[in-house]
Structure formats: structure tokens, C-alpha cells
Amino acid sequence: MNMDVIVSLSKRRGFIFQSSEIYGGTGSCWDYGPFGVELKNNIKRVWWRDFVQRRPDMVGLDASILMHPTVWKASGHIDNFTDPMVDCRECKRRFRADQVDERPWLHYCEAAKGNKFEIPAGETCQRCGARRTLCPECGKGELTAPRQFNLMFKTFMGPVEEDASVTYLRPETAQGIFVNFDNVLQATRRKLPFGIAQIGKAFRNEITPGNFIFRSREFEQMEIEYFVNPHDTVDGRPADEHAHDRWIEACRAWFEEYGLAPDHMRLHEHAGDELAHYAKRTVDILYQFPMGWSELMGIANRTDFDLKQHAKFSGKSLTWFDEDRKEQVVPYVIEPSAGVDRAFLAFLLDAYQEEEVRGEKRVVLRLHRELAPIKIAVLPLLKKRGEIVARGHALRDLLARRWTTVYDDTAAIGRLYRRQDEVGTPYCVTVDVKTVGDADKSEAGDGKVTIRERDAMEQLRVPMEALDGVFARLLDEGRAWGDIARDFPRAER
Ligand code: GAP
């Protein structure tokens, strides 16, 4: 897959726009358009339903983005959430020190009368043998020595801009969960193991954002902190290690259930020097993005690091009382942490297909029905016929009470179908002359409409009064199209 294809579809069909585009755009911030916001909400809704509402051992939380600044001291973000960066003394561009050799570099070659060449990443000049020492972007400036750059966005709380009022936009949602651990425990009387989930915005002043919504400065996370008693064992293994493996399996299975091909995902075990300062073990789920295998989400064993740190800095006890052993325990934490935007991108990439239908290119988003932005499109075969249009609007109003449904009569039927295919609408309902009849010819309508299924493009003729039941089976019960096709006659394409 080519990222440009997805970027172009996203803009054209209203999934994603560049933020503040009319002012030239804001670096690496994105706005989700009419279809994008539906898809994104569906991803979050399904994740919340599957990992919070359907599980007996999970509860939810929605913590504030601005938190007490000591949170970030305790969590280690003020001291450790940094990237080494270098600046060009000439053009003032800034690069991550560890990535500066991973990009092509501009070279004014002595051996070719100072002519300018772009040399591929990591290679030397074939004419003079030089290696890159200057700025890769302008080819002229020297780079400064690496300096640590904190990725948190700083701001001020209240009207006075002074050191005492400094606070940060949260770089992860996780800390909102840790500082509320005892509140949730007291309010819900939970026993270990149990988890707290949260979906929300996070902000990072990334030095090298890019690859569309893959790495941006404002993004959303879906995070779980799953608290486990480290003294317990399951199947002869420490309970935290056992829970870690279960969560890795559950997350991978979840992405597969909603559409990612199994061979487009792989696991990456962090080596010792890759591990974050708080982690005992971390496994990433990588996805085969167009720029290569990259992190879709991470599942970390954060041990008791965060709870102990917050207990130390706040002076409050953050423990759970083990009734059986009669002891206070600081739970270990397994943290499945997924980016909503990366999940969005992966689902979009995996769903995108181009195919040829009767000599014409068809672009279709084979999105899972639960994720599709629009579930049903009601389309009139002839928009000149008032009864057809009126019936179409009435059907849309009826179906929209339960499912996201649109009405569209702005093109001929073939074009209308293609438009719905391109945004992944699984079902189209077409109202035609046979549905409403023809009063001039004294012909009564049959009261039936055509339902077209997106993937096989099969069509069934269904009485209007059966629509509610048919879509309840398809969209609420998740029944296969084949089940429905047994009950109704095929319609001509
Ligand atoms: N609480 C743990 C944590 O934040 P992380 O690996 O830094 O761990 C978790 O982030 C997930 O958040 C990533 O796997 C990715 O999906 C998403 N994410 C992180 N930085 C991002 C960025 N700049 N843009 C978009 N998504 C990002």
C-alpha cells in the first residue's frame, strides 16, 4: 500500500483534513472529517465495549488532561521523557540525533565543482568518498552536540506565567489512572486482578512527526492499566507474567477480529536497552505500514514502579489489602496501550482495495461492519419521481433511529454505489419504480426495495417492512449476508 493513496482518499472523501489548512496547516496535527469522526468513534466504542463493558474485571475512567505537575516528576517524564536532538547552526533545523543518519543527505561535492547531490541514507559520496558530517537538509551547516529535548508540551495554569504555575499537557493517559488507583478501589471495592481503562488525548512535541497520522503531536490513546497481585501465581508462573501474555494475545486477536490480516501484524519483544525506565518486559504489536513494520501498540509490564513513585511523591498509600495473606500489596501493572490514530490508519490501510468491475476500477473499503462510518445508504433510482424520493427519505428516517444511515440522490445510481463503496458502507437500499408503482399507468408498487451488499455486490429484493429485522440481524447480531440471502430472492444487478 502506498500512503499517498490513503492520504488522498482521506482528504477527498472527508476522513482526515490537515489542521488549519486554510492558514497553511499546523505541523502534524490532523482534523477528522465527517466520515473520519464516525470511524474513529466506532473504533473507540468497540474497544470500550469489548475491553471494558464486556469484561467483569474492568472499569473505566476519564481523567483530566491537565494534572498536578508533580505527577510528571513522579512518573519520570520530566527527567526521562526526552529525545537527544541536534540543531543545524546554519538553517536551524532540528533532528533526532539517533535518526540523523537514517535520512538522505545533501552534499556539495568538492570533486564535482561544488555541485549539489542527494546521497541515500547511510551511504558515502561515490565521487569523493565523503561521509555526512554537516546538516543533511541544507548540506552546509554544522550540527550542534546532542542535547536532551523534553517531549512534553509546557503551559501555565492560571493568569500568571511564572514557574510556580507551570503544568504540562499529558503525554500519556496512563498517569490519570495511576493517581486515581485508590479512588477507584475505594469506590468499587475491586479485588485483584482488575483493570482500569481510559480513552483520551495525549500530546507530545515530537521532533520528527510524520507518516500522516502515524506520528503526530496531538493524538488519542486507548490505555488499560491492569493491576495484578505479584505474589500470586497462575499455572506455576508469576501472575503478572501470565497476565502479560494473556493481554498480548487478547490485543492481537482484537485487531484481527476487526479486520487486520494476521500476516500484516507481528510481535516485537523489546531488548534490554530498548525498555522504558519503568518496564520489566514490553512487547509491541507491529503493523506492516507503508513505511515498513512499525509500532501499532505496546503491551508493557510496568511492575509496581508507578504506584510506588506516586505513593512516594504524594505521601498517600497506594496499596491493596490481601485478605488471604493479611498483607498490604503494591500491585504490578500490565499496560496494553494503543493509539487510536494508528489503529485508524491500520484499519483503513487493510480495508482499502482496488478491483476491476465490468471494465471499470472500483475502490472499496472492506471495513468491518462495526467500524464502517455509515452502515446503510438509502438511494433513489430516479430522483425525478417524487414518490421515490419521499419513500427514500422516509426509509432513511426510519433506519437512522437505529443505525447510521444517509440518503443520497446527487448522482446516477452507479456513481452512488461507487461513492458508498469508497467509504466502506456495507449496505445500500435502493428505492425504484417497482417499489412505489406508477399511478399514471395504474400500477401498484410491490413495496419492496433492493439491498446491495458491498463486498460481493449481491442484491436482494426485500419488503420494506422487513428492513428493520434484516438490519438487526446483519448489524446488531452480526449475522452473515449468506444467512439473509437464503430468505429473500436475488435482485438483478
Ligand atoms: N503509556 C504508555 C505509552 O504511552 P507509548 O509506546 O509511548 O506508551 C503507546 O505509546 C501508543 O500510543 C503507541 O503504541 C502508539 O500507538 C501511540 N502513540 C504514541 N506516540 C504517538 C504519536 N506521536 N502519534 C500517534 N500515536 C502515538
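Where is Pro 193 found? Pro 193 is found in the loop between helix H6 (181-188) and strand S11 (194-203). Helices (H or I, at least four residues) and strands (E, at least two) are DSSP runs, numbered from the N terminus.

This is a predicted model, in which local features need pLDDT of at least 70, side-chain atom pairs count only at pLDDT 80 or more, and totals for chains, interfaces and linings use all residues. Residues are numbered from 1 along each chain as its sequence is written, and side-chain values use heavy atoms, with hydrogens and water left out.

**Backbone features in two loops**

The peptide bond that leads from Leu 192 to Pro 193 is cis, with omega near -5°. The loop between H6 and S11 also holds Arg 189. Phi of Arg 189 is near 55°, which is a positive value in a residue other than glycine. Arg 189 is exposed, with a relative accessible area of 63%. Here, buried means under 20% relative accessible area, exposed over 50%, and partly exposed in between (1.4 Å probe, protein chains only).

A positive phi, near 55°, is also found in Ser 442, a residue other than glycine. Ser 442 is in the loop between strand S26 (437-438) and strand S27 (443-444). With 70% relative accessibility, Ser 442 counts as exposed.

**The surroundings of the ligand**

The ligand is surrounded by 21 residues, and the closest are Glu 172, Arg 204, Ser 216, Glu 223 and Glu 295. A residue is near a molecule if one of its heavy atoms lies within 4 Å of it. By class, this shell has 7 nonpolar, 5 polar and 9 charged residues. In this scheme, Ala, Val, Leu, Ile, Met, Phe, Trp, Tyr, Cys and Pro count as nonpolar, Asp, Glu, Lys and Arg as charged, and the others, Gly among them, as polar.

| Protein atom | Ligand atom | Distance |
|---|---|---|
| Backbone N or O atom of Ser 216 | nitrogen | 2.8 Å |
| Polar side-chain atom of Gln 221 | oxygen | 3.0 Å |
| Polar side-chain atom of Arg 302 | nitrogen | 3.5 Å |

Taken alone, the ligand exposes 550 Å², and the protein buries 90% of that. Such accessible areas come from the Shrake-Rupley method with a 1.4 Å probe. Strand S12 (218-228), strand S17 (292-303) and strand S20 (332-339) are the elements that give two or more residues to the shell around the ligand. S17 provides the largest share of that shell, 5 residues.

Terms used. Polar contact = N/O pair within 3.5 Å; in protein donor to acceptor, adjacent residues only side chain to side chain.
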